[in-house]
Amino acid sequence: TEEVTFADTKETIVKGGRDLFPLLPKAFEGIEKIGVIGWGSQAPAQAQNLRDSFTEVGMDIKVTIGLRSGSSSFEEAKGCGFSEEDGTLGEMFDVIKESDLVMLLISDAAQAALYKEVFAAMKPGATLGLSHGFLLGYLDSIGEGFPEDMDVIAVCPKGMGPSVRRLYEQGKEVNGAGINASFGVHQN
């Protein structure tokens, strides 16, 4: 890690690549299933990158895509190797109920409309993961917050999903290839 200061704000930079993959078991300790909810810009990249990283280090964490019933994105997800038959593709609320970590990657409008249902569906002890701060800002603006017993984290890539995936793939040849991301813990 490296400490840097930008505009009087100290930030920690974590550098690395596939050489850090051996740390994944510790980072995901206690996680058996990750639900990636949605199939917009970020979800295909993040779901495939997680799945492929776990496979590379021999971890058996299941990455499952959760979509609205009847979503046209089911076919796209199947094209990326996710399927209902192997339990890696399903209806979004079913996936949320079964996941230890829920990466909520649906649109801002859908987050605003569905957050109460998402929170209610999450199993006790599950962690909510976000890729930008919309939901936090929205909840603040209406005087609400995340349930107190819910862990909330953010992993926010600084690029569109296709570039996140492309640079991950490039990292197979160039250790350290990837895209900048901000991360944080909002509630633990």
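Trainee: Before that, what kind of model is it, and how are residues numbered?
Mentor: This is a predicted model, in which local features need pLDDT of at least 70 and side-chain atom pairs count only at pLDDT 80 or more, while totals for chains, interfaces and linings use all residues. Residues are numbered from 1 along each chain as its sequence is written, and side-chain values use heavy atoms, with hydrogens and water left out.

Trainee: OK, which residues have the most contacts inside the largest nonpolar core?
Mentor: They are Phe28, Ile34, Val36, Phe54, Ile65 and Phe82, in a core of 24 residues. A nonpolar core here is a set of buried Ala, Val, Leu, Ile, Met, Phe, Trp, Tyr and Cys residues joined through side-chain atoms within 4.5 Å, where buried means under 20% relative accessible area, exposed over 50% and partly exposed in between, using a 1.4 Å probe and protein chains only.

Trainee: And which elements give two or more residues to it?
Mentor: Strand S3 (33–37), helix H2 (42–56), strand S4 (62–67), helix H3 (73–79) and strand S6 (101–104) do, and the largest share, four residues, comes from H2. Helices (H or I, at least four residues) and strands (E, at least two) are DSSP runs, numbered from the N terminus.

Trainee: What does Ile65 touch?
Mentor: Leaving aside neighbours within four places in sequence, Ile65 is in contact (heavy atoms within 4.5 Å) with residues including Val36, Trp39, Ala47, Ala77, Phe82, Leu89 and Val95. There is also a second, separate core of 21 residues, which includes Ile37, Ile96, Tyr115 and Val118.

Trainee: Switching to cysteines, how many disulfides are there?
Mentor: The count comes to zero, taking a disulfide as a pair of cysteine sulfur atoms within 2.5 Å.

Trainee: Which residues of H7 are buried?
Mentor: In helix H7 (residues 161–170) they are Gly161, Ser163, Val164, Arg165, Leu167 and Tyr168, and what covers them includes H2 and strand S8 (151–157).

Trainee: Is Arg18 buried or exposed?
Mentor: Arg18, in the loop between strand S2 (9–13) and helix H1 (24–27), counts as buried because its relative accessibility is 16%. A polar atom of the Arg18 side chain lies 3.2 Å from the backbone oxygen of Tyr168, and a polar atom of that side chain lies 3.3 Å from the backbone oxygen of Gly171. Not counting residues up to four places away in sequence, Arg18 also touches Glu56, Lys172 and Asn175.

Trainee: And what about Arg68, buried or exposed?
Mentor: Arg68 sits in the loop between S4 and H3 and counts as exposed at 57% relative accessibility. Beyond neighbours within four places in sequence, Arg68 is in contact with Phe74 and Met92.

Trainee: Last topic: in which sense, parallel or antiparallel, does S8 pair with S7 and with S9?
Mentor: Strand S7 (residues 127–130) and S8 pair in the parallel sense over four bridges, with Thr127 opposite Asp151, whereas S8 and strand S9 (residues 181–187) pair in the antiparallel sense over six bridges, with Val152 opposite Gln187. Two strands pair if DSSP finds at least two bridges between them.

How values were computed: A polar contact is a pair of N or O atoms within 3.5 Å; within protein, one must be able to donate a hydrogen and the other to accept it, and residues adjacent in sequence count only if both atoms are side-chain atoms.
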